[in-house]
Amino acid sequence: MAESFPIEASGLNHFFGEGEARKQAIFDLNLNIERGSLTILMGPSGSGKTTVLTLMGCLREVQDGSVKLLGQELNGASEAQLVSLRRRLGFIFQAHNLHESLTAAQNVLMGLQVHGNANPAKQRAAADHVLDLVGLADRRTYLPGNLSGGQKQRVAVARALVSNPDIVFADEPTAALDKESGHTVVQMLKTLGQTRQTTTVMVTHDNRILEMADRIITLEDGRVVSDRVPKTTL
Amino acid sequence: MSRLLTNLFGRLPIGWLQLSHNKARLVAAVSGVSFATLLVFMQLGIMGALNSSTVAPYGLLSADIVISSEEGNTLTDAGEIARARMFQALGVPGVADATPLYIGNLPFTLDDGSTVSLLSFGFDVSQPEFVSPSIAASFGSLTIENTVILDRDTRGMPASVIDALTAGGRYEFEANGNTLVAVGTMNIGGGFLADGMLAMSDQTFLRSFPARTSSAPNHILLNVDDGVSVDTVVERLRGALPSANVKVLAADASAQADLDFMSSERPTGIIFGFGVFMGILVGLVIVYQVLSTDVADHLGEYATFKAMGYGQPFFLGIVFEEAIVLAVFGFIPGLIVSIGLYAGLRAVTGLPVEMDASRAILVFLGTLTACTISGAIATRRLAAADPADLF
């Protein structure tokens with residue numbers, strides 16, 4: 001097999017609604033994303049970028065066309081196949097979606113325990129290490145309710161990264177962060193790509209981080225209208 | 001607690017952390033389960049007291065087989081049977097001995113003017129082998145006319161009288177126009193059946209109940225020869241005696257039949273059974289309410305976990321973990337309060353309301369089962385956690 005992409009989409013169409021109300025959201029999308037790259041999806045709201053993200057992230061059923069994720073075809077995949085694929089992904093949501101009853105460290109631990117719990121001490125150490133990386137070493141035992149918005153988002157980033165995912169999907173991860181911590185988060189994702197060959201796909205409106213991407217894809221009305229490399233990376 | 005559960009489950013105890021995070025909900029849920037447990041314990045306690053008072057009079061007897069009239073319902077609520085049956089029974093091989101037993105309710109007016117009813121047992125005093133060894137000591141004195149043995153738990157009887165009797169004293173009283181003399185005490189406990197109990201000779205019995213005759217006792221008690229199976233003799237008796245109007249039962253089968261009658265035919269048994277059912281229903285509804293609200297409140301988090309790759313068994317595990325936590329935490333206070341209330345009830349009513357280990361274990365298993373069922377119903381809400389909605 002020649003060069004394989006971690007994400008390959010071809011002839012992808014997606015529809016919402018039934019019957020008369022049925023509306024096409026994605027039109028014949030063809031997209032290959034390279035391993036270790038940081039790709040940003042842009043576009044006005046309703047352009048389909050979040051739909052593309054959820055289709056690639058095994059969160060939404062592929063109706064028509066093909067999405068190959070890490071070599072596995074998603075169209076027609078079983079629930080068990082999807083669940084085991086999801087374990088190789090990391091998700092960072094716009095809302096942090098932390099569990100309010102778990103401490104910062106326990107929330108991060110959830111990202112590891114999905115792979116089993118063979119070595120709890122090692123897992124705790126890994127969770128602490130990642131929290132340290134996002135600058136929250138002293139907030140380990142805090143409940144989300146006692147953390148600021150930015151701190152919560154950094155815990156969510158730590159949770160997504162702790163299991164060394166093959167691909168990270170992020171939806172507006174910097175929206176709740178100030179410029180500096182936004183930069184830090186994206187820099188972390190970028191460094192991961194370079195050192196561990198982690199592929200990142202990010203939906204964002206945040207112009208402050210565009211220059212850090214390897215590739216910027218703009219969607220409009222469910223179609224790719226521009227696919228470019230930012231000047232600074234050249 | 002959290003560390004213990006982590007080791008137990010091999011993962012973070014999310015269910016416990018979720019429940020303990022919302023203290024108000026935890027307290028409400030635990031008190032709900034406790035209340036349901038308490039309700040069931042109280043019903044079972046009173047039902048247990050009913051059952052033990054139903055079979056208590058058997059403690060007075062020492063017989064292998066009881067022959068009674070088909071018309072009767074229980075040992076103490078019996079019809080009359082011809083004494084001629086006793087002689088027929090004695091002719092059956094394997095029957096060692098037989099005696100008539102007379103039973104009646106004797107009204108007795110207390111010093112304060114209230115009337116209590118004393119369940120009276122008339123024995124043939126020449127056959128002490130048919131009474132329990134527990135009253136054998138005073139049984140001999142019943143040969144004297146109008147003497148009786150009085151139950152210690154007789155309602156309305158001053159403790160001083162009972163104490164004096166136990167110490168060897170006498171207590172004279174009038175009942176049904178007849179003067180009786182208590183010469184000893186026994187420990188039977190009537191509870192629901194009567195206010196008290198008396199053991200007396202058949203002669204004293206017939207004097208106290210002028211309408212009864214010696215030819216029509218309520219039961220005939222039999223003992224079988226050594227080494228002969230009771231069941232075999234019961235079969236032979238059923239063949240030898242006319243089947244119409246005569247009931248032949250081994251003593252333990254007779255006690256069991258009395259229990260069955262009280263729990264299924266008498267309204268009391270049905271009422272307590274209904275009470276148990278209501279308690280279970282209340283518990284089910286409360287636990288379901290709490291767990292399904294809890295699932296609904298955490299749909300966002302569950303959807304996130306789904307996106308991270310957690311499968312359905314993980315979520316079922318959380319809900320069942322919560323159900324078990326509620327069952328355990330609700331059961332313990334329910335048990336403690338019930339033990340206290342049992343003691344109170346025993347003191348006030350004199351009924352034999354006792355907590356025994358088998359009932360506690362049974363109720364605990366019932367609580368676990370009910371909580372698990374509620375949990376299982378609540379898990380249906382999990383389907384609403386859709387990770388695609390998170391973006």
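**Notes on the two chains**

1. Directly after helix H12 of chain B, Gly350(B) adopts a positive phi of about 75°. Helices (H or I, at least four residues) and strands (E, at least two) are here DSSP runs, numbered from the N terminus. This is a predicted model, in which local features need pLDDT of at least 70 and side-chain atom pairs count only at pLDDT 80 or more, while totals for chains, interfaces and linings use all residues. Residues are numbered from 1 along each chain as its sequence is written, and chains are lettered from A and ligands numbered from 1 in the order in which they are written.

2. Leu326(B) belongs to H12, which covers residues 312-349 of chain B. Leu326(B) counts as buried because it has 29 C-beta neighbours inside 10 Å, the classes being buried for 20 or more other C-beta atoms within 10 Å of a residue's own, exposed for 12 or fewer, and partly exposed in between, with C-beta atoms placed from the backbone. Leaving aside residues up to four places away in sequence, Leu326(B) touches Ala29(B), Val30(B), Val33(B), Val287(B) and Cys371(B), where contact requires C-beta atoms, placed from the backbone, within 7 Å. By contrast, 40 Å separates the C-alpha atoms of Leu326(B) and Asp252(B), which are 74 residues apart along the chain.

3. An unreviewed UniProt entry places the feature "domain: ABC3 transporter permease C-terminal" at residues 274-386 of chain B; such annotations may be inferred rather than shown by experiment, and the feature name is shortened, with positions in the numbering used here. In the model this span is 83% helix and 0% strand, and its end C-alpha atoms lie 42 Å apart.

4. At the interface, 19 residues of chain B are in contact with 23 residues of chain A. On the chain B side, helices H2 (14-21) and H11 (299-308) each supply at least two residues, and the largest share, 6 residues, comes from H11(B).

5. Chain A comprises 6 helices and 10 strands, and its C-alpha atoms fill a box of roughly 50 × 40 × 40 Å along the principal axes. Of its 234 residues, 44% count as buried. Among the contacts in chain A with a separation of 6 or more, 67% are accounted for by residues 24 or more positions apart.

Technical notes: Two residues are in contact if their C-beta atoms, placed from the backbone, lie within 7 Å.
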